[in-house]
Amino acid sequence: MALSGIEIFKHLPKTNCKECGFPTCLAFAMQLASSKVEVSKCPYVKDETKAFLEESQAPPIRKVIIGDNFAIGEETVFFRHEKTFVHPPAICILIKDEEPKSIWEKKIASFNNLKFERIGFMLKANLLFLENSSNLKAKFLELVSYVMKESNGLLCLSSENMDALKAAIEMTKERKPLLYSANQSNIDEIASIAKEYNLPIVAKGEDLESLSSLTEKLISLGIKDIILDSSPKTIKEAFYHQIFIRRQALISKFRPLGFPTIVFPAKLTNDPMKEALYAATFIVKYGGLIVLSDLAGESLFPLLVLSLNIYTDPQRPMAIEEKIYEINGPNEKSPICITTNFSLTYFIVQGEIDASKVPTYLMIMDTGGLSTLTSWSAGKFNGELISAYVKKSKIEEKVSHRKIIIPGYVAGIKGEIEEELKTWEVIVGPREASDIPIFLQKFKT
């Protein structure tokens, strides 16, 4: 259980040296209790105290890194509105070495090419799950070699043939692949391989009880980066397992189940529509890796958007950088529009300006990520602040006119801006973004 600031303070050296960046050890302890700093910031804490505090402050579900920096786990709540979900699940594509090479090509092409830009984020699948379904070393290495040449994606290597698995690791070790899987029959050997190469590993139990035993043994062998596979046979069982594991980790603080999970919609149904629906279920409840049989744009895109929606921090506005964005190659006679830095506002307005084909300067002003009306009502998008930003931006050096277009919903601040910017004409733009193309096409500087 996480310690309070006062409890942490009792274990600190109490030197008040300020070398951690805080004025007192108590202030540092309070920050440590809220997970805003790491205990390693204290240069005088003893190693055993450091280990104790790190363990006590660790999240109930361990963060596991795949590759260089792709993280899953580290979750602390059941529901997004309680705080936030931290790391979105990885969407994976299953490729078997027994499949024809033409299928390999198709699947890897889908993995490489299916990418979607959404409010400033590039959405795509994350991981290639390579399965040694033939159990033949040569066949598996052929698949691994082909994938290494054709894609730079993250990898999971799945084989019951330890010779094949180790050879595949040698080929892919720079990508730090995930190993699948440790079970009762191979746990010592595969744990030794995972330790040798410092790789994360999937523990696969036949049920929740055997899975707990496996993870306890892996932990005793020095393996910390573990992902759980509870081997459900049906969607109902998989759904139950996901919730049970989360509950044991968060409420019971049961460390053997305090790890992210892997789920296989690809193995629960042969129906592509059901597979997509199952995947959506596990995005919400609480998959860390979600393995699909194939990737299709019409199902992958809604899954990625669902994941983006669920894993966006509800306490943090989605904002973009404050600056002047040049759309359609503007020149000195191009119109100037201004709006807030709420991401959705920007991408809607930017899209409509782009569709208009009118070269335009779009000034984005920092309002803390709030939308137009919200920032206006909060006093962050008013005549005084807009005028100050126009002067600071030096937009007048880019154009020969002095006209600026403001959103129609804040028409009331037109006079305020004109009082501050004596030489500028303020023009009230449309209230709806969909009217921007026609408005700009008729606009004259």
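User: How many helices and strands does the protein chain have?

Analyst: Happy to start there. This is a predicted model, and its protein chain has 17 helices and 17 strands. The C-alpha trace spans about 80 × 65 × 40 Å along its principal axes.

User: What percentage of the residues in the protein chain is buried?

Analyst: Of the 445 residues in the chain, 50% are buried.

User: Let's turn to helix packing. At what angle do the axes of α7 and α8 cross?

Analyst: The general idea comes first: two packed helices are described by the angle between their axes and the distance between the axes. Here, helix α7 covers residues 187-197 and helix α8 covers residues 208-220. Their axes come within 11 Å and cross at roughly 45°.

User: Is the crossing of α7 and α8 right-handed or left-handed?

Analyst: It is a right-handed crossing, with α7 passing α8.

User: Now for charges. How many salt bridges are found in the whole structure?

Analyst: In general, side chains of opposite charge can pair when their charged atoms come close. A search of this whole structure finds 12 salt bridges. One of them joins the side chains of Asp294 and Lys106, at 2.7 Å from N to O.

User: Where do Asp294 and Lys106 lie?

Analyst: Asp294 is in the loop between β12 (289-292) and α12 (297-311), while Lys106 belongs to helix α4 (residues 101-113), so the pair ties together parts that are 188 residues apart in sequence. As for the surface, Asp294 is partly exposed at 27% relative accessible area, and Lys106 is also partly exposed, at 44%.

User: Which residue forms a salt bridge with Lys267?

Analyst: The partner of Lys267 is Glu131, and their closest N and O atoms are 3.1 Å apart. This pair also links distant parts of the chain: Lys267 sits in helix α10 (residues 265-268) and Glu131 in strand β6 (residues 127-131), 136 residues apart.

User: Does Glu131 count as buried or exposed?

Analyst: Glu131 counts as buried, because its relative accessibility is 13% and the cut-off for buried is under 20%.

User: What separates Glu142 and Lys139 in helix α5?

Analyst: These two residues also form a salt bridge, with 3.8 Å between the closest N and O atoms. Because Glu142 and Lys139 are three residues apart in helix α5 (residues 137-150), about one helical turn separates them. Glu142 is partly exposed at 39% relative accessibility, and Lys139 is partly exposed at 29%.

User: On to nonpolar side chains. Which residues form a nonpolar patch on the surface?

Analyst: To read such a patch, look for nonpolar side chains that lie within 5 Å and have over 30% relative accessible area. In this structure, Ile6, Leu26 and Met30 form one, with about 240 Å² of accessible area together. Take Ile6 as an example: this residue lies in helix α1 (residues 5-9) and is partly exposed, with a relative accessible area of 43%.

User: I'd like to read the backbone too. Which residue has a positive phi of about 50° although it is not a glycine?

Analyst: As background, most residues other than glycine have a negative phi, and most peptide bonds are trans. Asn16 has a positive phi of about 50°. You will find Asn16 in the loop between α1 and α2, partly exposed at 36% relative accessible area.

Ser231 is another case, with a positive phi near 55°. Ser231 sits in the loop between β10 (226-229) and α9 (235-250) and is buried, with a relative accessible area of 10%.

User: And which peptide bond is cis?

Analyst: Look at the bond from Tyr180 to Ser181, which is cis with omega near 0°. Ser181 belongs to strand β8 (residues 178-182).

Key:
Residues numbered from 1 in each chain as written. Predicted model: local features only at pLDDT ≥ 70, side-chain atom pairs only at ≥ 80, totals over all residues. Heavy atoms only, no water. Patch = residues over 30% accessible without salt bridge, like charges linked within 9 Å, V, L, I, M, F, W, Y side chains within 5 Å. Areas by Shrake-Rupley, 256 points an atom, 1.4 Å probe, with all protein chains shown as cover. Salt bridge = Lys/Arg side-chain N within 4 Å of Asp/Glu carboxyl O. Helix = DSSP H or I, 4+ residues; strand = E, 2+ residues; numbered from the N terminus. Buried < 20%, exposed > 50% of the residue type's maximum accessible area, 1.4 Å probe, protein only. Axes fitted to C-alpha atoms, helices over the stretch in contact; angles between N-to-C directions. Left-handed = near helix turned anticlockwise from the far one by under 90°.
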